[in-house]
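Below is a short report on a protein chain.

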Amino acid sequence: MTPDDLVLTPRGVRFAGRVFPCTIGKGGLSSTKREGDGATPTGAHHIVGMLYRPDRILKPTEWAIPIGPRDLWSDDGRDSHYNTLVSAPYGFSHEKLRRADPLYDLVLITDWNWPNAVPGCGSAIFIHQWRRPGYPTEGCIAFRRDHLRWIAERVFLGTRLIIPQA
């Protein structure tokens, strides 16, 4: 592990000499992640992208991509584009990235089950804003808005996210 890694600890995520409180999936940590189990997958993952809402926040880095009104994330294991960014209208099950709430105003995309997704092994494992302290996610890692912004401004493509087994 290096200081440039995001490392989940019992106190939060350690990154760049700081520890940030976070929330994880309602299903806890899992080494056998499945679609819909609410678990956060363990292992060493990487940041492979960043999305943001240009109508709500300033661009956090040069490599961040704006979220548009038609942007979706496929979560349907029957879809050949499972666990990737897709556009509306879309015939398979998906998650809207442009949400009414602020959870996805800034999203770091991980390489969990990507780029060659195995159907049913989980999709949309992101780093995003939390709803409130202690409120679990559907499998993502979530932070307070200002902490997420601080992290996003300092990570780079390929930054490791290390989630040890419980």
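A residue counts as buried when its relative accessible area is under 20%. Over 50% it counts as exposed, and in between as partly exposed. The model is predicted.

D5 forms a salt bridge with R160, and the closest N and O atoms are 2.7 Å apart. The pair links distant parts of the chain. D5 sits in the segment before strand 1 (6–9), while R160 belongs to strand 15 (residues 160–163). The two are 155 residues apart.

Is R160 buried, partly exposed or exposed? R160 has 28% relative accessibility, so it counts as partly exposed.

## Other salt bridges

The model has 14 salt bridges in total. One of the others pairs R99 with D101, at 2.7 Å from N to O. R99 has a relative accessible area of 22% and is therefore partly exposed. D101 reaches 21%, so it too is partly exposed.

E153 and R154 also meet through their side chains, with 3.7 Å from N to O. E153 is partly exposed because its relative accessibility is 39%. R154 stands at 38%, so it counts as partly exposed. Elsewhere, shared partners matter: which residues do salt bridges join into one network? They are E95, R99, D101 and R131.

Strand 1 and strand 2 (residues 12–15) are antiparallel and share three bridges. T9 stands opposite G12 of strand 2. The hairpin that joins strand 1 to strand 2 runs through two residues.

Strand 2 also pairs with strand 3 (residues 18–20). This pairing is antiparallel as well, with three bridges. R14 has V19 in strand 3 as its bridge partner. The hairpin of strand 2 and strand 3 has two residues between the strands. In this hairpin A16 takes a positive phi, near 55°.

Strand 9 (residues 71–74) is joined to strand 10 by three bridges, and the two run antiparallel. W73 stands opposite L85 of strand 10. As background, side chains in a regular strand alternate between the two faces of the sheet.

## The loop at P89

P89 lies in the loop between strand 10 (85–87) and strand 11 (94–96). Is P89 buried or exposed? Its relative accessibility is 76%, so P89 counts as exposed. The C-alpha atoms of P89 and L72 are 9.1 Å apart. Along the chain, 17 residues separate P89 from L72.

Strand 13 has two pairings to report. With strand 12 (residues 106–110), strand 13 (residues 126–129) pairs antiparallel over two bridges. I109 has F126 in strand 13 as its bridge partner.

In which sense do strand 13 and strand 14 (residues 141–143) run? They run parallel, joined by three bridges. H128 stands opposite A142 of strand 14.

## The largest pocket

How much space lies in the largest pocket? The figure is about 360 Å³. The lining of this pocket comprises 27 residues. Closest to the centre are E95, Y104, T137, E138 and G139. By class, the lining splits into nine nonpolar, nine polar and nine charged residues.

Note on methods:
Residues are numbered from 1 along each chain as its sequence is written. This is a predicted model: local features need pLDDT of at least 70, side-chain atom pairs count only at pLDDT 80 or more; totals for chains, interfaces and linings use all residues. Side-chain values use heavy atoms; hydrogens and water are left out. Helices (H or I, at least four residues) and strands (E, at least two) are DSSP runs, numbered from the N terminus. Buried means under 20% relative accessible area, exposed over 50%, partly exposed in between (1.4 Å probe, protein chains only). A salt bridge is a side-chain nitrogen of Lys or Arg within 4 Å of a carboxyl oxygen of Asp or Glu. Two strands pair if DSSP finds at least two bridges between them. On a 1 Å grid over the protein atoms alone, a cavity is a set of points where a 1.4 Å probe fits but cannot get out, and a pocket is an open set with protein on both sides within 12 Å along at least five of seven lines; lining residues have an atom within 4 Å of a point. Grid points are joined across faces, edges and corners, and a volume is the space filled by probe spheres set on the points. Ala, Val, Leu, Ile, Met, Phe, Trp, Tyr, Cys and Pro count as nonpolar, Asp, Glu, Lys and Arg as charged, and the others, Gly among them, as polar.
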